[in-house]
Amino acid sequence: MASWVLSERCGLRPLPAIPPRVPNSRFQQPISVNPSKKRILPCKPIGFGVRAIQRDWKLRVSAPLSVAPFEEEAETKNWINGDEEDEFDPGMPPPFGLAEIRAAIPKRCWVKDPWRSMSYVARDVLVVLGLAAAAAYINSWVVWPLYWIAQGTMFWALFVLGHDCGHGSFSNDPKLNSVVGHLLHSSILVPYHGWRISHRTHHQNHGHVENDESWHPLPEKIFRSLDTVTRKLRFTLPFPMLAYPFYLWSRSPGKKGSHFHPGSDLFLPNEKKDVITSTACWTTMVALLAGLSFVIGPLQILKLYVIPYWIFVMWLDCVTYLHHHGHEDKLPWYRGKEWSYLRGGLTTLDRDYGWINNVHHDIGTHVIHHLFPQIPHYHLVEATEAAKPVLGKYYKQPDKSAPFPFHLFGVLVRSLKRDHYVSDTGDIIYYQTDPQLSGASQIKS
């Protein structure tokens, strides 16, 4: 009877019991109630040894017009929750193109306002000078660590504005972009044109294993060829977060050239003069710092400039790394015919930095920036919101940050423990983990 009640009242069909065979059983077939409207599952006889009790249940039970089977209920629930049986594959070609994304972004987001851009430069430069003056005046070891963090963050903000000059999103005037870019980047020891050109290569080849320029994965053959020290330095904190100056001089493993040398294969022949100009500006800044060290002393230069510079380097390496690594789901990298500008750009990630978003000019709003680097930074948030309906699941919503983005430190550590190399073959590939490094990528005390 329990079986009958379950099947009729709950819509569940338990496995039928197999009754013992009873000789000369006079059990009759169960009677269906309203067979034209509702089919009632047969009631099985209940046997007790060699005798069985026959019951002909002729109950007229009201039932819903339709009872969804268990499987259908599950499917309905999944559909309501927005979950599909087939998991989303970020490596599949998207059902939209760049034109659809561009069309969704309001026209005002493409407008560059040089006066507004210059106002951000003025704001950041005044903050930098004010912080330095205040720290030098107070000259207290209680204040210096706070100054180093704040000033290093402001150096990073200056870098982002120079980065916008390199993309041409600062203004429509190439001369203005070049002058401001050189002043900003040279002041923090970045060769403006050398880095601008290599960063252009990064954007043009984002997501491509071999052709990308910034934080691209190492093919397994190159990874295995690294000596033990180099391998551990690359994946053990804090060393990867100090890599930028060394990258400027010698690029990444497997690549040759320098951002300072006009003959590097990073540059085209007609770009050599630009590289020479930027290298000369960088050299001038080094000479200026050396001269100041004789005026105010090397210790004061160390406190006012050198330590904030390394904080800036940490910001740069951390932010640029997390724009392309560390998502909870592994994201694809491409080569060969599977790569396209759109598919590569969709592997980038937005990050929320809390209060720092405004300080470093919304550089965490990175997906739309990678696809359309001409959009000024002060329009990136609006452009991203407009593009989200088109991007759908190809857009990975960033985790909400507290006022300070301490949550990203855990993301960074986890990624360095698991994202080590990719296969030498295949056109759609994912990071793999080296067991020897998975436990080594942590802070050394």
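Is Cys281 buried, exposed or partly exposed? At 28% relative accessibility, Cys281 counts as partly exposed, where buried means under 20% relative accessible area, exposed over 50%, and partly exposed in between (1.4 Å probe, protein chains only). Cys109, by contrast, is buried, with a relative accessible area of 0%. The disulfide count is zero, a disulfide being a pair of cysteine sulfur atoms within 2.5 Å.

A word on the ground rules. This is a predicted model, in which local features need pLDDT of at least 70 and side-chain atom pairs count only at pLDDT 80 or more, while totals for chains, interfaces and linings use all residues. Residues are numbered from 1 along each chain as its sequence is written, and side-chain values use heavy atoms, with hydrogens and water left out.

**The chain as a whole**

The protein chain holds 18 helices and four strands; these are DSSP runs numbered from the N terminus (helices H or I, at least four residues; strands E, at least two). Of its 445 residues, 44% are buried. Contact here means heavy atoms within 4.5 Å, and among contacts between residues at least 6 apart in sequence, 73% join residues at least 24 apart. The accessible surface comes to about 24600 Å², with 62% of that belonging to carbon and sulfur atoms; such areas come from the Shrake-Rupley method with a 1.4 Å probe, and for residues only the protein chains shown count as cover.

Leu416 sits in helix H17 (residues 407–418) and is buried at a relative accessible area of 1%. Leu416 and Thr236 are 180 residues apart in sequence, yet their C-alpha atoms are 7.3 Å apart in space.

**Salt bridges**

Side chains of opposite charge can pair when their charged atoms come close. Searching the whole structure gives eleven salt bridges, each a side-chain nitrogen of Lys or Arg within 4 Å of a carboxyl oxygen of Asp or Glu. Three of them are worth a look:

| Glu271 | Arg200 | 2.9 Å |

Glu271 is buried at 7%, whereas Arg200 is partly exposed at 30%.

**Around Arg251**

Arg251 is found in the loop between helix H10 (244–250) and H11, and is buried with a relative accessible area of 12%. Glu213, Arg251 and Asp265 are linked in a network of salt bridges. The side chain of Arg251 also places a polar atom 2.4 Å from the backbone oxygen of Lys256. Leaving out residues up to four places away in sequence, Arg251 touches several residues, including Phe246, Gly257, His259 and Leu266.

**A nonpolar patch**

Leu288, Leu292, Phe294, Val295 and Ile296 make a nonpolar surface patch of about 540 Å². Leu288 belongs to helix H11 (residues 272–296) and is partly exposed at 48%.

Technical notes
Patch = residues over 30% accessible without salt bridge, like charges linked within 9 Å, V, L, I, M, F, W, Y side chains within 5 Å. Polar contact = N/O pair within 3.5 Å; in protein donor to acceptor, adjacent residues only side chain to side chain.
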